[in-house]
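Trainee: I have a model open and would like to go through it with you. Can we take it piece by piece?

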Amino acid sequence: MVVKNNPVVDKSIGFALMISKFCELLEEHKKYVVARQLLKSGTSIGANIHEAQNAETRIDFIHKMKIALKELEETKYWLTLCERSESYPFNTRLKTSVNELGLIMYKIVSTSKKNLNK
């Protein structure tokens with residue numbers, strides 16, 4: 001089996017690992033609800049990106065990537081709550097990483113849509 005380097009897959013795995021560690025910190029601070037929601041949405045990004053890699057058609061690929069983008073936007077919401085709350089921990093690196101991942105993902109979807117019409 002040939003494993004090819006895929007930056008968006010690699011970045012989503014790295015992000016999922018960072019978000020998992022941050023959620024452990026949230027739980028240590030007894031912020032269980034946000035920790036659970038953030039863990040689900042933050043790790044779902046990569047799961048959907050992985051699923052998109054085996055899409056049956058380009059339309060299916062775009063659809064799966066759009067689901068990953070929805071999870072990314074939800075993750076941004078939970079991170080914003082942490083950032084703006086005085087009683088929650090926050091990690092600036094996570095915000096930077098999710099924004100970078102989003103830029104890559106939006107570009108992939110945009111390019112895939114353009115190529116769909118060719």
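This is a predicted model: local features need pLDDT of at least 70, side-chain atom pairs count only at pLDDT 80 or more; totals for chains, interfaces and linings use all residues.

Trainee: In what order do the elements of the protein chain run from the N terminus on?
Mentor: Start with the inventory. The protein chain has 4 helices and 0 strands. From the N terminus on, the order is therefore α-α-α-α.

Trainee: What share of the protein chain counts as buried?
Mentor: The C-alpha trace spans about 50 × 30 × 20 Å along its principal axes. The chain has 118 residues. Buried means under 20% relative accessible area. By that cut-off, the buried share is 37%.

Trainee: How are H3 and H4 oriented to each other, roughly parallel or roughly antiparallel?
Mentor: H3 covers residues 58-84 and H4 covers residues 92-116. They pack at an angle of about 155 degrees, with axes 10 Å apart. Angles over 145 degrees count as roughly antiparallel. So H3 and H4 are roughly antiparallel.

Trainee: How many residues of the contact of H3 with H4 are nonpolar?
Mentor: H3 passes H4 in a left-handed crossing. The contact residues include 5 polar and 7 charged. The nonpolar ones number 16.

Trainee: Which way do H1 and H4 cross, left-handed or right-handed?
Mentor: H1 and H4 pack at about 150 degrees, with their axes 10 Å apart. That makes them roughly antiparallel, because the angle is over 145. Their crossing is left-handed.

Trainee: How does the pair of tyrosine 77 and tryptophan 78 count, stacked or edge-to-face?
Mentor: The model has 1 aromatic pair. The ring centres of tyrosine 77 and tryptophan 78 are 5.0 Å apart, and the planes stand at 70 degrees. Planes over 60 degrees apart count as edge-to-face. So the pair is edge-to-face.

Trainee: What is the phi of lysine 30?
Mentor: Lysine 30 is in the loop between H1 (7-28) and H2 (32-52). Lysine 30 is exposed, because its relative accessible area is 60%. Most residues other than glycine have a negative phi. Lysine 30 has a positive one, near 65 degrees.

Trainee: Over the face of which residue does lysine 31 lie?
Mentor: Look for a ring. The distance from lysine 31 to the ring centre is 4.7 Å. The ring belongs to tyrosine 88.

Trainee: How far apart in space are isoleucine 108 and isoleucine 62?
Mentor: Isoleucine 108 lies in helix H4. At 23% relative accessibility, isoleucine 108 counts as partly exposed. In sequence, isoleucine 108 and isoleucine 62 are 46 residues apart. C-alpha to C-alpha, the distance is 8.6 Å.

Trainee: What distance separates the C-alpha atoms of valine 33 and asparagine 5?
Mentor: Valine 33 is in helix H2. Valine 33 counts as exposed, at 56% relative accessibility. Along the chain, valine 33 and asparagine 5 are 28 residues apart. Their C-alpha atoms are separated by 35 Å.

Terms used
Residues are numbered from 1 along each chain as its sequence is written. Side-chain values use heavy atoms; hydrogens and water are left out. Axes are lines fitted to C-alpha atoms, for helices over the stretch in contact, and angles run from 0 to 180 degrees between N-to-C directions. Helices (H or I, at least four residues) and strands (E, at least two) are DSSP runs, numbered from the N terminus. Angles under 35 degrees count as roughly parallel, over 145 as roughly antiparallel, 65 to 115 as roughly perpendicular and the rest as oblique. A crossing is left-handed if the near helix is turned anticlockwise from the far one by less than a right angle, and right-handed if clockwise. Ala, Val, Leu, Ile, Met, Phe, Trp, Tyr, Cys and Pro count as nonpolar, Asp, Glu, Lys and Arg as charged, and the others, Gly among them, as polar. Rings of Phe, Tyr and Trp (its six-membered ring) pair if their centres lie within 6.5 Å; planes under 30 degrees apart count as stacked, over 60 as edge-to-face and the rest as tilted. A charge sits over a ring if NZ of Lys or CZ of Arg is within 6 Å of the ring centre and within 35 degrees of the ring normal. Buried means under 20% relative accessible area, exposed over 50%, partly exposed in between (1.4 Å probe, protein chains only).
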